[in-house]
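Dear colleague,

Here is the structure I wanted to pass on to you. Please look it over; my notes follow below.

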Amino acid sequence: MELDVERLGAIERWTILGESRRNSLSVALLRELVAHQARASADKALRVVIVTGAGDKAFCAGADLKERARMDEGAVAGFHKTIRAAFDGFEALPQPVIAAINGVALGGGLELALACDLRIAAEGAELALPEVGLGIIPGAGGTQRLPRVIGAARAKELILTARRVPAAEALAMGLVGQVVPAADLGPAALALAERVARNAPISLRQAKRAIDRGLALPLHDGLDLENRLYQACIPTADRREALIAFAEKRAPVFKGE
């Protein structure tokens with residue numbers, strides 16, 4: 001087992017188990033991620049997923065280079081297909097996903113975080129896409145997702161220089177949404193997940209879908225998509241519960257119906 005899954009009510013925390021190798025991405029880990037994504041996708045009681053790394057040194061340092069060194073070109077191509085499936089799977093999850101970046105996030109590690117919806121980092125974390133210094137380019141979404149998060153000019157600067165970005169700078173450029181002391185990362189990530197999870201599950205899923213799919217569309221088409229997803233919320237029991245709770249001056253109790 002290379003992934004620990006802990007259930008915390010409507011939240012799950014997925015921890016990459018590989019502290020001695022800086023939580024690098026092995027084939028076995030990627031397969032576990034894909035399997036848990038399939039399970040989570042069908043779990044209507046699950047509202048938020050947190051992804052983090054074991055220990056306090058690394059969130060994920062990218063591909064397991066020792067494992068990669070034993071692969072021929074065909075195996076490398078298969079690995080790349082698997083890593084794409086795992087990272088695309090986080091985007092495809094109906095639940096919001098939070099990356100709790102507890103240390104370095106390099107190469108595929110940063111690409112994993114970019115595939116998540118929200119990112120929170122420990123103060124000592126460093127983020128980078130160092131691939132051009134290794135004779136390759138980011139190949140698991142980095143060249144596409146990073147510009148969508150921080151803009152093309154800044155993304156080019158980070159990718160073409162391969163430099164490491166400290167947590168404070170990552171916050172300033174919008175690469176992460178929050179930076180906290182390392183000792184507070186777990187509680188802060190859980191608090192963020194709880195703030196998300198207390199909202200209507202169907203609304204959370206529709207909002208995530210509207211943003212992700214709308215980014216690839218012209219504005220007018222994106223607005224049409226938003227309207228369709230909005231209209232799907234109108235007949236839900238959760239929307240009626242929100243109105244009743246407002247009138248009764250109490251917190252709504254959402255059931256995802």
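Two strands count as paired if DSSP finds at least two bridges between them. By that rule, strand β8 (residues 126-128) pairs with β9 in the antiparallel sense, over two bridges. Leu 127 stands opposite Val 165 in β9.

Bear in mind that this is a predicted model.

These strands belong to an open sheet of four, in the order β4-β6-β8-β9. The pairing in that sheet is mixed. Its edge strands are β4 (58-60) and β9 (165-166), each pairing on one side only. Overall, the protein chain has 11 helices and 10 strands.

The largest nonpolar core has 47 residues. Those with the most contacts inside it are Phe 59, Phe 87, Phe 90, Ile 101, Leu 112, Leu 146 and Leu 175. Another core, of 16 residues, lies apart from it; Val 48, Ala 100, Ile 120 and Val 180 are among its members.

What does Phe 90 touch, leaving aside its neighbours within four places in sequence? Its contacts are Trp 14, Leu 33, Gln 37, Val 51, Val 97, Leu 112, Ala 115 and Lys 208.

Last, the overall shape. The C-alpha atoms fill a box of roughly 60 × 40 × 35 Å along the principal axes. Buried residues make up 46% of the chain. The chain exposes about 12,900 Å², with carbon and sulfur atoms supplying 58% of it.

Best regards

Methods
Residues are numbered from 1 along each chain as its sequence is written. This is a predicted model: local features need pLDDT of at least 70, side-chain atom pairs count only at pLDDT 80 or more; totals for chains, interfaces and linings use all residues. Side-chain values use heavy atoms; hydrogens and water are left out. A nonpolar core is a set of buried Ala, Val, Leu, Ile, Met, Phe, Trp, Tyr and Cys residues joined through side-chain atoms within 4.5 Å. Buried means under 20% relative accessible area, exposed over 50%, partly exposed in between (1.4 Å probe, protein chains only). Contact means heavy atoms within 4.5 Å. Accessible areas come from the Shrake-Rupley method with a 1.4 Å probe; for residues, only the protein chains shown count as cover.
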